[in-house]
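Work through the exercises below with the model open. Try each task before reading its solution.

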Amino acid sequence: MPGWAPPTPSPTGRVTVSDADTKGLRLRVESSGRKTWWLFARVKDAPRGAAATWHRLGEYPAMTLKVARDRAAADRVTARGGSDPAVVERERRAAERARRVAEDARVTVAKLAPRWLASHTVAPSTHKGYRLALDNHVIPALGAMKAAEVERRHIAALHASLSATPSQANRVLA
C-alpha cells in the first residue's frame with residue numbers, strides 16, 4: 001500500500017503500521033480489530049535518555065488519514081517546541097472539564113434536567129417515566145435551585161413529600 005511502511009507485529013497480537021509520509025504517525029490494529037491513530041515523537045530538550053512519547057490521536061475510521069496526518073503534524077510542532085503533546089492534550093481536557101464544572105455550578109435544576117435526560121439512553125417507557133418524574137415532581141420542587149446547591153436534605157424532603165405514593169417516591173429518588 002503506497003505511503004505506508006510494512007507492519008510491525010507485536011507479541012500481544014497488535015500490529016503497528018507506520019505512515020511513510022508523516023514521521024511518527026502510526027496506526028495500531030489490535031487483535032480485536034480496533035484501529036487507533038498514534039503519534040510517536042520525542043520532545044525537544046527532554047532529559048537525555050528519556051523515552052519518546054506515544055500520543056493517542058483518535059480512532060479510525062472516525063478520524064481519517066488526512067485528519068490524523070494534520071493532527072500529527074501539529075503535535076510534532078508542539079513536541080519540537082519542547083512540550084509533550086500528550087501533556088498539552090491532558091491539560092486542555094482538564095481546563096475544559098473545569099470550565100464545564102464552573103458552568104454547571106451556575107445552572108439550575110430546571111435547566112440541567114433536559115441535558116441529564118438526553119444523556120441517558122434507556123427504553124422509551126423508562127424515558128417517559130423519567131420525563132414525568134422530572135416534570136411533575138423534581139422541577140416543581142427543586143427547579144429554581146442551582147444544581148450545585150442541591151443537598152441531601154432537599155432530596156429527602158422531596159422524597160418525604162411523596163409518601164402518599166411510595167412507588168413514585170422511590171422512582172423520583174432513583
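**Exercise 1. A charged residue without a partner**

Which side chain of opposite charge is nearest to the buried R28, and how many Å away is it? Keep in mind that the model is predicted.

Solution. 
- Step 1. Locate the residue: R28 sits in strand β3, residues 25-29.
- Step 2. Find the nearest opposite charge. That is E30, at 5.4 Å.
- Step 3. Apply the cut-off. A salt bridge needs the side-chain nitrogen within 4 Å of a carboxyl oxygen. R28 has no salt bridge, although it is buried.
- Step 4. List the surroundings. Beyond four places in sequence, R28 touches R14, V15, T16, R34, K35, T36, W38 and W54.

**Exercise 2. A link between α1 and a loop**

Determine which parts of the chain the salt bridge between R69 and D19 ties together.

Solution. 
- Step 1. Check the distance. The side chains of R69 and D19 meet at 2.7 Å, N to O.
- Step 2. R69 belongs to helix α1, and D19 to the loop between β2 (15-18) and β3, so the pair ties together parts 50 residues apart in sequence.
- Step 3. D19 is buried, because its relative accessible area is 5%. R69 has 23% and is therefore partly exposed.
- Step 4. The structure holds 15 salt bridges.

**Exercise 3. The largest pocket**

Describe the lining of the largest pocket by element and by residue class.

Solution. 
- Step 1. Start with the volume, about 490 Å³. Of 18 lining residues, V109, W116, L134, V138 and V172 are the closest to the centre.
- Step 2. Assign the elements. α3 (109-118), α4 (124-142), α5 (152-161) and α6 (166-173) each supply at least two lining residues. The largest share, five residues, comes from α4.
- Step 3. Sort by class. The lining has 16 nonpolar residues, one polar and one charged.

**Exercise 4. The second largest pocket**

Which residues line the second largest pocket?

Solution. 
- Step 1. Note the volume, about 170 Å³.
- Step 2. Read off the lining: K23, G24, R26, F40, A41, R42, A52, R76, A79 and R80. Two or more of these come from each of β4 (35-41) and α1 (65-80). α1 gives the most, with three residues.
- Step 3. Sort by class: four nonpolar, one polar and five charged.
- Step 4. Inspect A52, in the loop between β4 and β5 (53-60). A52 counts as buried because its relative accessibility is 14%.
- Step 5. Relate A52 to K23. They are 29 residues apart in sequence and 13 Å apart in space, C-alpha to C-alpha.

How values were computed. Residues numbered from 1 in each chain as written. Predicted model: local features only at pLDDT ≥ 70, side-chain atom pairs only at ≥ 80, totals over all residues. Heavy atoms only, no water. 1 Å grid on protein atoms, 1.4 Å probe; cavity = no way out; pocket = protein on both sides within 12 Å on 5 of 7 lines; lining within 4 Å. Points joined across faces, edges and corners; volume = space filled by probe spheres on them. Helix = DSSP H or I, 4+ residues; strand = E, 2+ residues; numbered from the N terminus. Nonpolar A, V, L, I, M, F, W, Y, C, P; charged D, E, K, R; others polar. Buried < 20%, exposed > 50% of the residue type's maximum accessible area, 1.4 Å probe, protein only. Lys, Arg positive; Asp, Glu negative; His and termini not counted. Contact = heavy atoms within 4.5 Å.
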